[in-house]
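Thank you for giving me a few minutes this morning. Please have a look at the chain on the screen, and then we will go through one part of it together.

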Amino acid sequence: MASVNYKPPAPNPFKEEFGVSKSINELISIVRSFCEARNWDQFHGPKDLAIGVITEASELLEHFRFLSDEQALALFNNPNSREEIEDELADVLFFLLRFSQRFDVDLDQVLIRKIEKSEKKYPVDKAKG
């Protein structure tokens, strides 16, 4: 990867001090309330939510497509570009959380299960580097 002068943002002391970070279940509850207040269940079938995930992931990709690693990393030093990228990440997360909420998918459990499968498929001694 190209070396670039990317500087990660300073840690958010408010978040660290007061534990503002939300759990997955808290985020799912926020998404559920948001959608149910708008009566969006009718628009959020599995196909529709899967389309939402891929559409938002594609919008995330638009920021990086055709850029070198150095150019892509530089986007994070621009506050406007960074916010746009963060918004797209939030959109992807929204659809993942909504999908899991609507169809009773325990994201904690399925992620751990998938990592366990990947550990067997890609053992460190054969897949490192």
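How many Å should the 14 residues of helix H2 span? Before I answer, please note that this is a predicted model, in which local features need pLDDT of at least 70 and side-chain atom pairs count only at pLDDT 80 or more, while totals for chains, interfaces and linings use all residues. Residues are numbered from 1 along each chain as its sequence is written, and side-chain values use heavy atoms, with hydrogens and water left out.

Now, at 1.5 Å a residue (times one less than the number of residues), H2, residues 24-37, should span 20 Å, and because its end C-alpha atoms are 20 Å apart, the two values agree. Helices here are DSSP runs of H or I with at least four residues, numbered from the N terminus.

Within H2, Ile28, Val31 and Cys35 are buried, meaning under 20% relative accessible area with a 1.4 Å probe, protein chains only. They cover an arc of only 65° around the axis, so they lie on the same side of H2, the arc being taken from the directions from the helix axis to the C-beta atoms.

The buried residues of H2 pack against helix H5, residues 79-102, and the axes, which are lines fitted to C-alpha atoms over the stretch in contact, come within 9 Å and cross at roughly 85°. H2 and H5 are therefore roughly perpendicular to each other, a term that covers angles of 65 to 115 degrees. The contact (heavy atoms within 4.5 Å) includes Ile28 and Val31 of H2 and Leu93 and Phe94 of H5.

How values were computed: Helix = DSSP H or I, 4+ residues; strand = E, 2+ residues; numbered from the N terminus. Buried < 20%, exposed > 50% of the residue type's maximum accessible area, 1.4 Å probe, protein only. Axes fitted to C-alpha atoms, helices over the stretch in contact; angles between N-to-C directions. Parallel < 35°, antiparallel > 145°, perpendicular 65-115°, else oblique.
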